[in-house]
Every structure is written in structure tokens, then in C-alpha cells.
Amino acid sequence: MPSSLVETGLTTGEAAFIEQARAGGELFIQQPYELYSEENHTTWRRLHSRMRPRWDRYANEAFLRGIHSLGLDPQRIPQLADVNRFLMPLTGFQAKAVSGYVPAYVFFDCLRQRRFPTTITIRRGDSLDYLPEPDIFHDIAGHVPMHTDPAFAETLVRFGECARTACDLVGAMRDSEERLHRLSSIIRAMARFFWFTVEFGLMRTPKGLKVYGSGLLSSFGEIEHSIESNEVQRFPLQLEWAVNQPFEINHFQPLLFTVASFDQLFELVGELDRCLREGRLNNVAPGEPRVDEHDLDSFLHAAG
Ligand SMILES: [Fe+2]
């Protein structure tokens, strides 16, 4: 590897290695561990040390157990191979390095196969709170500890099965305009349900409200805000509400949904699949998130 690449590190938006992979059309990549700069490792250490007390206070127990059983190093960015050595025996899940955005179907189908597309770059050290796209701290420290919990892991697999169901349904349609309309609606519904659970979910526990959503678990400011702030509306999760509820990604969430257990969440993703089959996701409310052509194409390609 040329020395100029070593010096750039693997900072979000500045990593030549990632740009080359994207230019070459490579989505699934290796984690070139030697490319991380000392500044990258320092960023990890600072992110980890300031989150640790907030995790202890606000995170659900499955996450705290997961952090412990993965043995994440507080000082250095983890190697995915090390993480997977601890993770795979627990639930069969593994973290797979990717070069950037993963189109919706590919993402969900990875979950079905117990693979988690994982960003390997890390945010800039001078903007610890600014996160325009996922980084390795969000993916490895925020998501992967949850994948050590069997009930949560099965829920992710079930999301993947929903995507497969959607493919089967739209694959059987002949009218291409109607197919695009339905598929956009279904992808929007799935993205919303995923957002309000896996990314921003709260759990009601005997010890009070706890966080299980990874967007919250990796955000120093929002993890506290989600539990403590009077400005947040918190309601028991209702599927019909969540799939019709637009969300915005560029500020703290004003509306969050709670579940009682991961078994309940698993049942609700099963209900999502039933809604899909009955056509009840074919016309969900318009609005965010935007479904782009890569997301649509990924489903249509898989539908054959
Ligand atoms: Fe995420």
C-alpha cells in the first residue's frame, strides 16, 4: 500500500481506500486495519470513553451484556474478525465490511443471512457529534452488541424475510407502474418500521425506560435526550402508526416508540410480514424517507 494512503487514515469522506473500492463497484470489502491512523484510534477512544457512563445509565441489559461478551477494546478500533469470533457462536451473526451505502434489498437480505453490513471508516476527531452517515462507531459500538441477543437477532432475520416476501409479491406483478408504486410504499414502510425500532427504539423495563435503538446507543447527546427530555413523545409501538409516520434524520427525534420485550418486537415484525401479504403496506403515507432508484432496483433485481 503506498505510504500516502496510510497517512490519510480511514476517516469518513477522506479515505482513498474507500473511494477506490466504490469506484471499482466493490460493496463488500476487507477491513484494511493497518490503514487506521493514530488519530482514528484516538477518535474511537474518545467516543467510547464518553459513551460508557451513558450506556451504563440508559442502555438496555442485552446491550450491556453484548458489550461485555464482545470484549470491545475501549482504546483501539476493533478488528471485525475479532468481533466476529465472539459474536458468531452466540447468534450466528457476523459483521461484514462495506464500502458505503447498501441498497435496501441487499441490506435486508444480508440480515436474513445473519450478516450485518458494517461501515469501517470513522468520523473526524474534530466533529464527534456530527454524523451525516454511519461510521464504525455507530455500526460496531451501536449495533453489533445488540446482535449478541438471540431474540433481537431473530428479529433482524425476520426483517430480512419481510424483504424476501416483498420481492415475491412484486415479482408476480405485471403492471410495471403499479409495481413501482407498491414497491416504493413497501420500502418506505419497512424503512420506517426499522428506524423506529432497530435504530431508535426504547424498551419499557422494571428499571424504567431503556434504550435499544442503535442510533441512540451511538449518540452521546441523543441517548440522554431520548430518556430524559420532556420534548420527546413516547408511545407504545403500534405497527400501523410507525409505518405511516415520516421521520427526519437531521435532528433529535421528537417521537419515539416503546416495546416491552424483544419477543414482542419479533411478533410485530411477523405482523409486518402479514400486512405485506395482505396488501396493507401498498399505500402508506407519503413523506420521508425518500426511496431512491437504487433501493427500488435492488428489490426488482432480486425479484427477477
Ligand atoms: Fe444504523
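Trainee: Which residues of helix H4 are buried?

Mentor: Please note that this is a predicted model. A residue counts as buried when its relative accessible area is under 20%. In helix H4, which spans residues 61-70, this applies to Ala62, Phe63, Gly66, Ile67 and Leu70. These residues lie on the same side of H4, because they cover an arc of only 140° around the axis.

Trainee: Which exposed residues does the face of H4 turned away from its buried side carry?

Mentor: That face carries Arg65 and His68.

Trainee: What covers the buried residues of H4?

Mentor: The cover includes helix H3 (38-58), helix H5 (80-91) and helix H7 (136-143). Helix H10 (214-217) and helix H13 (262-277) are also included.

Trainee: Let us turn to the strands. What is the order of the four strands in the open sheet?

Mentor: The order is E4-E3-E6-E5, and the pairing is mixed. Strand E4 (208-211) and strand E5 (233-236) stand at the edges with a single partner strand each, so one side of each has no neighbour in the sheet. On average, neighbouring strands of this sheet are turned by 35° against each other, direction ignored.

Trainee: How many bridges join strand E3 to E4?

Mentor: Strand E3, residues 202-205, is joined to E4 by four bridges, and the two run antiparallel. Within this pair, Leu202 stands opposite Val211 in E4.

Trainee: My last topic is the cysteines. How many disulfides does the structure hold?

Mentor: The structure holds zero disulfides. For Cys167, the nearest cysteine sulfur is that of Cys162, 12 Å away. To judge such a distance, one needs the cut-off: two cysteine sulfur atoms form a disulfide when they are within 2.5 Å.

Trainee: Is Cys167 buried or exposed?

Mentor: Cys167 is buried, because its relative accessible area is 1%. Cys275 likewise counts as buried, at 1% relative accessibility.

Definitions and conventions. Residues numbered from 1 in each chain as written. Predicted model: local features only at pLDDT ≥ 70, side-chain atom pairs only at ≥ 80, totals over all residues. Heavy atoms only, no water. Pairing = 2+ DSSP bridges. Axes fitted to C-alpha atoms, helices over the stretch in contact; angles between N-to-C directions. Buried < 20%, exposed > 50% of the residue type's maximum accessible area, 1.4 Å probe, protein only. Arc of directions from axis to C-beta. Contact = heavy atoms within 4.5 Å.
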